[in-house]
Each structure stands twice: as structure tokens, then as C-alpha cells.
Amino acid sequence: MQTHELEYDVVVVGGGTAGPMAAVKAKEKNPALRVLLIDKANVKRSGAISMGMDGLNNAVIPGHATPEQYTKEITVANDGIVNQKTLMAYASNSFAMIEELDRWGVKFEKDETGDYAVRKVHHLGTYVLPMPEGHHMKKILYRQLKRTRVEVTNRVICTRLLTDAQGKVAGVMGFDCRTADFYVIRAKTVILCCGAAGRLGLPASGYLMGTYENPTNAGDGYAMAYHAGAELANLECFQINPLIKDYNGPACAYVTGPLGGYTANGKGDRFIECDYWSGQMMWEFYKELQSGNGPVFLKLDHLAEETIQTIETILHTNERPSRGRFHAGRNTNYREQMIEMHISEVGFCSGHSASGVYINERAETSVQGLYAAGDMASMPHGYMLGAFTYGWFAGANAAEYAASRAMPAADAAQVAAEKARVYAPLNYQGGLPPAQVEYKLRRMVNDYLQPPKVTRKMEIGLTRFDEIRADIEQISAQNPHELMRAMEVSLIRDCAEMAARASLFRTESRWGLYHYRVDHPERNDADWFCHTHLKKDENGAMSSFKKPVEPYLLALDEDEKTAYQRLRIVKDKELASA
Amino acid sequence: MSYTPIYALQRTSAPVTVDEEKCIAHKGCTVCVDVCPMDLLAIDMAKGKAYMQYDECWYCMPCEQDCPTGAVKVEIPYLLR
């Protein structure tokens, strides 16, 4: 096993969605920079969109929506706890991103006049732009990486950031998951684009990697940012999504809704007005699932044959193409019956909710020289286009920052400590297999952290996660692949502890199901209309604190404020007026 | 006297299988191994054929889609099927 010492101006960790965009934009900004894109898998097929994506869920297109309208809608969908400046930066720049993707060859649906064919899925505005041929997305990104001469390193898993004496980022460390070679990469600036913490909870199926998220996205970026001293925002606003039961892929309302499909209860009745993923919608979904009207289904069996064929073509060839195979195996056919749905395991993901490493409107984290973008960065409800747009901001701003800084040195003590930590499972004989420890850890996340959240249960969870810290020291890895899994168990444990502490700190309920606390059931704006941040304090302990919500750029009127609290369909008119 | 730790096996049926007649790994092809996000596939050097080494599958399908000879098949893992 060798140690490789490298240096780059800009290092981007994660080659899925935001990462390639950040690397390309850093190079475009300053072609003289040495830019490295590093991935634990292979950038050709890595990240949440490894097979493609079937549409943009948040396209703010002139003539169909305005940046102001979108910013307000997400403010409401996220119960007011947003930095409108970061939302506005996204909403006003993302159309330029769409036009650039269009020039790069991404095929968006257009009408007969050549205008983008935007659809309405959100509660208030119209922002969904289908990409029926979105399976080409990764190839298109790869072409841009080649064009701009970004250097790529695959199969290296990054485990810790290097910092200098002032706490600025100084590079990244990791190892090759096939050879176990150790990497020390000095860098003037690092951009983290590591995706969601998708292996926090255990899927209801019990299959360890049957997660909603691509399981490579284990939460690496959250843990690396935490250990480097960065602040993480609103982690208690968990990601929980409505999915096809067992298959655990999206149903997916953004595709089926505009074509006439909807979420129904066991009686085949609609119970929510809007299928857009929000905590409030998940709360109604959860209540229906638990009620006598449960479970919940995707209803398409009332649609015309040609519509169903269109839906099948989109859903079975883009984001999760094995879905057709799943339905065939279950003998379920959209034409004949409703498809049973369930809720996902819990995770962190700003791309769908609002739990992320804190960033401002320039994609800067609270650690100097460290940027973040995509599912792991705190701009709420970002989805794929948010990842691209903030990847662009991160790349351009990091390029500027790199030009003004000398190459930092690597702290020898940090390198020695990390090398010892990483290699420990290879040197340990007869210990616990990583998969067993991961299974138990994630099963306990389900037992103690899954909403409805209960204070005493979360406290027990913390005790268990602390015990698992000792188990992790007993893990042995028989080869570099198992070593990767062993290191992932450790970062998943860090995320589990963050999830518990962040959830315990906010003593109210907010964001519907995402942070429903049974023993603090009401929303309490007087005490908790604020962000909550979590960081590693001077003593190395996890500490939570309040941060005021940044002044709004756009005021909400009273009716808008409560729009997402009125998602349930009330059939009885009298009940509605009571 | 001390107890010797041992590992007991638990068999699982691999969701990814390879048609060895079609697989051209013996000619140097490693496409399926390269594209698996979870790094689960490997080449059996003795046979010169690809196979699934670890059952940690996300049933995402790049291995099947990108195989130049159509030799790889992804099934839904049994627990989810």
C-alpha cells in the first residue's frame, strides 16, 4: 500500500451532479487552474442521477413562473425557515443553467412553438419541466469534463478534510477502495458535492442497500464537513419520501401527476390536493398510511392506454429503470390496479428537504476555502437543478478564491492520525464485519429516530450510538472493499448522532412529518422561528445553537403562509367551515 | 485456552448474473466493473468472466445497460422482489 501525495488548486469531491458542474465551471473561470474531480465510484455512472433523470422539478422559466413566486413557494413549503437570499440566487440564475444544459444537448420537453413545456405539480406555481430522454445526462456531463480538461480520479473515497492552523481548508485525505493506497491531496480550496446521507435509516425491506438514495451517498460530505469544523443547518428537517413499497424508488408524482395520476388511499380516493414533496404532504401521507383508509397507492388505472404507455416509457427508462422489472415480478400493472406505496427510511438531504451543510448564496460553507453544493448543501428543495446551479456558483467562486491563495501545507499530525484511523480495520484480525455493524446501527436509527420523534427514545438512541462507537473500533476489514464499508459505518454513525442531537435540540414540531415530536406537538414560532445549526465545538463535542432567519427579501401574505398547511382534501363542506 | 473467532457464512443469491458465453472479459473488457457505483462486480481471472462479488446491489442497471455484448442481467434483489 502506497501513499500518494498530490496537489491541486481546486479539488471537487463527488462526481455525480453538482460535482462535475463545479469542476467544469472552475475550469471555465480560469483554465490555468489544476482542477481534480474525485469520486468513490466512477464519474461516468456516479451519484443520484447515475442512470439519468426524468425532469427538472424546480424550473423557474420566464413566462411560466418568476423567481419571486418560486422563492415564496419554497419559503412556505419549508415552513418559513429559509434564507431567501440563497433561494433567490437559485431562482434567478437557474434559467441560465437550463439554457446552458440545452446547448450541451440535454433534451427538455418543448411545445410546438419551441417553448419549454412546463407542468404544474407544486401547490401554487408551475415549475416541472419533463426530460423524457434524460438518460443521457451523465454522458453529457462527462463530455464537458473532457472538453474543459478536468482531471478525474475514480474509486478513491475521501474520509477527512485537511485544515491549516487558522482552520481554513487545506486539502483532503482518502484511500483507493481497490488497492487501499492512501491519498493526501493538498488543495487551495475544496468543493464538497457528496450527495445525501442516504444510508441513515434502514429501508423497511431490511435490504441494506435497497435505499431511496444511491447508497454510495452515505453521508460522507456531512461527516467530513462536521469534522473540519463546518456548521450544518436544520438537520432535524429529515428527508422522508413517498415511494413504491419495497422497490423504494419514487412513485413518481412529478411524472404521473401532470398526466392525470395521483396519490390515493385504500379506497381509491384522493386525500391530498398536491403531490409535491413537502413535510406537510408527508404528514398527510403518514396519517393516511396509519389510518383505516390505508395504505396509500399510486393510482393510474383510470388513465387511457396511450397515457399509461407514455408513463411507462418515462418511468422505466430514466431515473430507476429496473422499476418495470419490479412490477413484472409482482404482476402489478398500472392498467389494472393501484400500486402500493410506503414511506422511505429517514436521511439528510437538502435536495428534497432542508437538512444540509450550511452554505450562503455563494456556496461558501462556514469554513474558509470550503464550498458545498448539491443534496448535501443547505439550499432547500434544490433537486437536480439546484445541484447544477449551486455547483456552478461553487466552481466559479472557488476558482476566484484559489487564485488569491498560496498552496497550504499538509499538517503531518492530521495525516498520521487519519492514516491510523483508516487502516485500523485492515490491521485488526477476527473483529466484526462492517455489514453487521451497519445493519444494527441503521436498525437503531429506525427504532429511535424515525418520526414520530419521542424525546426519551432519541436519548436512548444516543446511548446506543455511543456504544456503536466502541463496536466500530472492533471492525475488521478483509480487503479494501470492506475497508470502504467500514469507513462508511463510522460516518453513518456520526450522521446518526447529528440527527439525534439536532432533533432533540428543536423542542417543537415543524415541517410536518420531518420533525414531528410527539411530546412537543405544536409549532412554536415564538421560540423556534429560527435555523438550528450544529457544529463540533472547541472541546470536540457536538453542539447545537440557534441562528436567526435572515431578513426576508419577499414578504408573504397571510393566505400564502398557510397554503401548505391546507393540503388535505376536506370533502364535507360543513366540516371545512366549522 | 482462548476461543478463536470464526466467521459463519450466510448465503445470498446475487441479483446480478452474467451470461458467460456472451461476456468478453477475457478480451480485456471491464465495462460492468467500471460503471458499478457500489464497486460490486469483479473479473474471475481464471475464467476470464465477470461476476458479482458482493451482494450490495442498488439494482440501478449501468452494468446491464453499458455492457457491449448484453451479457449482464440485473434482477431485483430477492428481499425486494
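Two strands pair if DSSP finds at least two bridges between them. Strands (E, at least two residues) and helices (H or I, at least four) are DSSP runs, numbered from the N terminus. This is a predicted model, where local features need pLDDT of at least 70, side-chain atom pairs count only at pLDDT 80 or more, and totals for chains, interfaces and linings use all residues. Residues are numbered from 1 along each chain as its sequence is written, while chains are lettered from A and ligands numbered from 1 in the order in which they are written.

**Stop 1: a four-stranded sheet.** Select E14, E9, E16 and E17 of chain A: in that order they make an open sheet with antiparallel pairing. At the edges sit E14 (356-357) and E17 (542-548), each pairing on one side only. Now zoom in on E9 (residues 232-233) and E16 (residues 530-536) of chain A, joined by two bridges.

**Stop 2: strand E13.** Pick residues 339-343 of chain A. Ile339(A), Met341(A) and Ile343(A) are on the covered face of E13, with Glu340(A) and His342(A) on the uncovered one. Strand E10 (residues 242-244) of chain A runs antiparallel to E13(A), with three bridges, and Pro242(A) has Ile343(A) as its bridge partner. Strand E12 (residues 296-299) of chain A is also antiparallel to E13(A), again through three bridges; there, Leu298(A) partners Ile339(A).

**Stop 3: domains.** Colour chain A by its domain assignment (bounds come from an automatic or database assignment): domain 1 is 3-104 + 126-239 + 348-409, domain 2 is 242-343 and domain 3 is 413-530. The C-alpha centres of domains 1 and 2 of chain A are 29 Å apart. Their contact involves 19 residues from domain 1 and 16 residues from domain 2 (two residues are in contact if their C-beta atoms, placed from the backbone, lie within 7 Å).

**Stop 4: chain A meets chain B.** Show both chains: the contact takes 28 residues from chain A and 22 residues from chain B. Helix H9 (residues 323-330) of chain A gives the largest share of chain A's side, three residues.

Key: Buried ≥ 20, exposed ≤ 12 C-beta atoms within 10 Å, placed from the backbone.
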